[in-house]
Amino acid sequence: TFPILWLVSDHFAWLFLLQVVSGIGWAAFELASLLSFFERIPPHGQTSVLTLYNLANATAIVLGSAIGGSLLRGFGPGATGFVAIFVLSTLARAGMLVLLRRVPELESPGEPPPLRPLAARPGTGADQRPVLTEQGEFHRD
């Protein structure tokens, strides 16, 4: 959610709902990001790309906190400072949405990997694993 929504009300129910919706949104974003990595990156490069992504994400969190703290010090620790930070943060996030629209769509997710059943359990379905060659590629018959 956009931080400016924190300025709508200071009622507990509103802030609670805002946090729940925000948590659901972040969970969806994290899941979509992870699935996008596995969909677009070849298996041999996934570990290094995911590691670099996590490093960049942690760095962005630290830098964002430092910038927010500096802005709060500059605007003052009162209500005016927080309003200014919420407005600037909302504008920055809206700007990122514009940039996100430039990310190209994946033409085709490709075929799902062939799976071999390992076990069948009543009520939970089958345990399966991909059929891989010795080189770690999917084996197709």
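I call a residue buried when its relative accessible area is under 20%, and exposed when that area is over 50%. I also note at the start that the model I am reading is predicted.

**Entry 1: Thr90**

I looked up Thr90 and found it in helix H3. Is Thr90 buried or exposed? Its relative accessible area is 12%, so Thr90 counts as buried. I then asked what Thr90 touches, leaving out residues up to four places away in sequence. The answer is Phe2, Pro3 and Ile4.

**Entry 2: the rest of H3**

I listed the buried residues of H3 next. They are Gly81, Ala84, Ile85 and Thr90. Helix H2 is included in what covers them. I noted a rule about helices here. An α-helix has 3.6 residues a turn, so residues three or four places apart point the same way.

**Entry 3: the whole chain**

I stepped back to the chain. How many helices and strands does it have? I counted three helices and two strands. From the N terminus on, the order is α-α-α-β-β.

The chain has 141 residues, and 10% of them count as buried. I wrote down the accessible surface too, which comes to about 11200 Å². Carbon and sulfur atoms hold 67% of that surface. I also looked at contacts between residues at least 6 apart in sequence. Of these, 34% join residues at least 24 apart.

**Entry 4: H1 and Leu18**

I moved to helix H1. It has 29 residues. From first C-alpha to last, H1 reaches 42 Å, close to the 42 Å expected at 1.5 Å a residue. Which residues of H1 are buried? I found Leu18, Ser22, Ser33 and Phe37. What covers the buried residues of H1 includes H2.

Leu18 lies in H1. Its relative accessible area is 6%, so Leu18 is buried. Trp6 is twelve residues from Leu18 along the chain. The C-alpha atoms of the two are separated by 7.8 Å.

**Entry 5: H2 and what follows**

I ran the length check on H2. Its 30 residues should span 44 Å at 1.5 Å a residue. The end C-alpha atoms are 42 Å apart, which agrees. H2 is followed by Gly76. The phi of Gly76 is positive, near 100 degrees.

**Entry 6: the largest pocket**

I looked for pockets. The largest pocket has a volume of about 1700 Å³. It is lined by 41 residues. Which of them are closest to its centre? They are Trp26, Phe29, Arg93, Met96 and Leu100.

I asked which helices supply the lining. H1 (12-40), H2 (46-75) and H3 (79-100) each give at least two residues. H1 gives the most, with 14 residues. I sorted the lining by residue type as well. It divides into 24 nonpolar, eleven polar and six charged residues.

**Entry 7: Ala120**

I ended on a strand. Ala120 lies in strand S1, which covers residues 115-121. Is Ala120 buried or exposed? Its relative accessible area is 69%, so I put Ala120 down as exposed. Not counting residues up to four places away in sequence, Ala120 touches Gly125 and Ala126.

Note on methods:
Residues numbered from 1 in each chain as written. Predicted model: local features only at pLDDT ≥ 70, side-chain atom pairs only at ≥ 80, totals over all residues. Heavy atoms only, no water. 1 Å grid on protein atoms, 1.4 Å probe; cavity = no way out; pocket = protein on both sides within 12 Å on 5 of 7 lines; lining within 4 Å. Points joined across faces, edges and corners; volume = space filled by probe spheres on them. Helix = DSSP H or I, 4+ residues; strand = E, 2+ residues; numbered from the N terminus. Nonpolar A, V, L, I, M, F, W, Y, C, P; charged D, E, K, R; others polar. Buried < 20%, exposed > 50% of the residue type's maximum accessible area, 1.4 Å probe, protein only. Contact = heavy atoms within 4.5 Å. Areas by Shrake-Rupley, 256 points an atom, 1.4 Å probe, with all protein chains shown as cover. Expected span 1.5 Å × (residues − 1).
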